[in-house]
Amino acid sequence: MTSKQDQKEAHHTNGVVLPIVSGSIDCLSSPDREHLVESSEFLGPEVVGVEVVVIESRANAKGVREEDALLENGSQTTESDDTSTDRGPEPRSPLKETSFSIGLQVLFPFLLAGFGTVAAGMVLDMVQHWDVFKYVGEVFILVPALLGLKGNLEMTLASRLSTAANIGQMDTPKELWRMIIGNMALIQVQATVVGFLASIAAVVFGWIPDGHFSIGHAILLCASSVATAFIASLVLGMIMIGVIIGSRKMGINPDNVATPIAASLGDLITLALLSGISWGLYIELEDKAYVNPLVFAFFVALLPLWIIIAKRNPATREVLYSGWEPVIIAMAISSVGGLILGKTVSDPNFAGMAVFTPVINGVGGNLVAVQASRISTYLHMGGMPGETSEMAPRKCPSPCSTFFSSDVNSQSARVLFLLVVPGHLIFLYTISSMRGGHTTLTLIFIVFYMTAALLQVFILLYIADWMVHWMWGRGLDPDNFSIPYLTALGDLLGTGFLALSFHILWLIGDRDTDVGD
């Protein structure tokens, strides 16, 4: 039998500290037995204690398969603890939620978002009588495109930061500040460009039907749109960062609260800024015509600075290059929805539709943004976009698998869908109590309105389940690509279904249009 001193010396062979494996050789498997024989022949028959050490040395040279298995199952060593901190149970824990916890976390921001859309509708009803809205009619075309920025930019930012927080990319102060600075610079770039493109679209859409073009009004639209988009994105971006950091510290899943809060404040802040800025620039248009181009030039001049900051940040560099397609297409879709709204509301018989449009569009967009953000976070925990994972099993789900399966995303889809009816009832009662709109809340009106809202949200949640998985399979990050499409589609579906409901109500005799006058 080898002495303890001999074992100790063998344990430190070649200056490498190796564990001693004690026990009978007979317990080893065949491959290990062969390695043992090779070691015996090399060292000689008298060195018995070293044989096992050589086995361990050869195993270490191959990568220590046994230790790797232990590490994968969560060993108690310091090194494995550090690894699990970055990729282990802590980022995955937010997904262990019940239907009740999901509903409880979503309920408050969902109601807050709904009341924000109600307030935005009341503000729009008031400011539509201002001179700038009367004499520069293209400002109305800007409204849906700029309100859509909450889905194109702020909700995308909230989803991106929520995912980063859930997978542990914002745990240290250095990572946190890198994410904040890069993402704030990125949304300023996107807001400036999208604001300018929205103003161009408004000028074109206003010029085509009338054939009248005013250079002063065009510059006014550009300055108002860019300034509104820039300031609104700056304010909302800072609020989103605070909400996400606070949610993580309170143990709340940011996916459940960040996007609805972005939506709740987005409509109201954006519409108030657009109204105030356009009104102020319209006053200066006659006496100080140079103010409008100066305002526009100031915000455009800041664009290179934001581009440089976003380009230097690895977290936002990819979005800076590849994130434009969904934002621009979503803006175009929202503009089409705005044209439909304008044509419908211009008919006095459907004047009551205006106050309900921001509500139905906002609720649908809020709910689908929560679902898309949750699915994206779930997929990110299994790897990177484009990687095959058990978490991304399907690309074209059926409605049954979307709403009635046992996985966590189907569970949240059911919870979000069940919030539609009680939420809209609260918002309709709020509008009625404030004597807003031009339609009496009769039973038949509520039935048609709820049908439109339920159909809108059902389609959006199903499309979100398909779109997020499809984008993931193509190597696209759903946080950057899915929400702009989904919220813009929500605007289009909500406006279309609501207009259809008002047309049917008119045909069957429900023609009460003087309420609130």
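Modeller: Helix H7 bends by about 35° at Leu107, with a proline, Pro109, following within four residues. The bend is the angle between axes fitted to the seven residues ending there and the seven starting there, and helices are DSSP runs of H or I, at least four residues, numbered from the N terminus. This is a predicted model, where local features need pLDDT of at least 70, side-chain atom pairs count only at pLDDT 80 or more, and totals for chains, interfaces and linings use all residues. Residues are numbered from 1 along each chain as its sequence is written, and side-chain values use heavy atoms, leaving out hydrogens and water.

Back to H7: residues 99-127 make up its 29 residues, and from first C-alpha to last it reaches 41 Å, close to the expected 42 Å (1.5 Å times one less than the number of residues).

Now the packing. H20 (residues 408-418) meets H22 (residues 443-473) at about 165°, axes 10 Å apart; axes are lines fitted to C-alpha atoms over the stretch in contact, with angles from 0 to 180 degrees between N-to-C directions. That is why H20 and H22 are roughly antiparallel (over 145 degrees). H20 passes H22 in a right-handed crossing, meaning the near helix is turned clockwise from the far one by less than a right angle. On the H20 side, Ala413, Leu416 and Phe417 make the contact, and H22 brings Leu454, Val457, Phe458 and Leu461 (contact means heavy atoms within 4.5 Å). By class that is 7 nonpolar, no polar and no charged residues; Ala, Val, Leu, Ile, Met, Phe, Trp, Tyr, Cys and Pro count as nonpolar, Asp, Glu, Lys and Arg as charged, and the others, Gly among them, as polar.

H22 also packs with H23 (residues 478-507), their axes coming within 9 Å and crossing at roughly 155°, so H22 and H23 are roughly antiparallel too. The contact of H22 with H23 has 25 nonpolar, 5 polar and no charged residues.

Lastly, H9 (residues 138-147) and H12 (residues 215-250) cross at roughly 25°, with axes within 11 Å, which makes H9 roughly parallel to H12 (under 35 degrees). Glu138, Val139, Leu142 and Leu146 of H9 touch Leu221, Ser225, Thr228 and Ala229 of H12, a contact of 5 nonpolar, 2 polar and 1 charged residues.

Methods
Helix = DSSP H or I, 4+ residues; strand = E, 2+ residues; numbered from the N terminus. Parallel < 35°, antiparallel > 145°, perpendicular 65-115°, else oblique.
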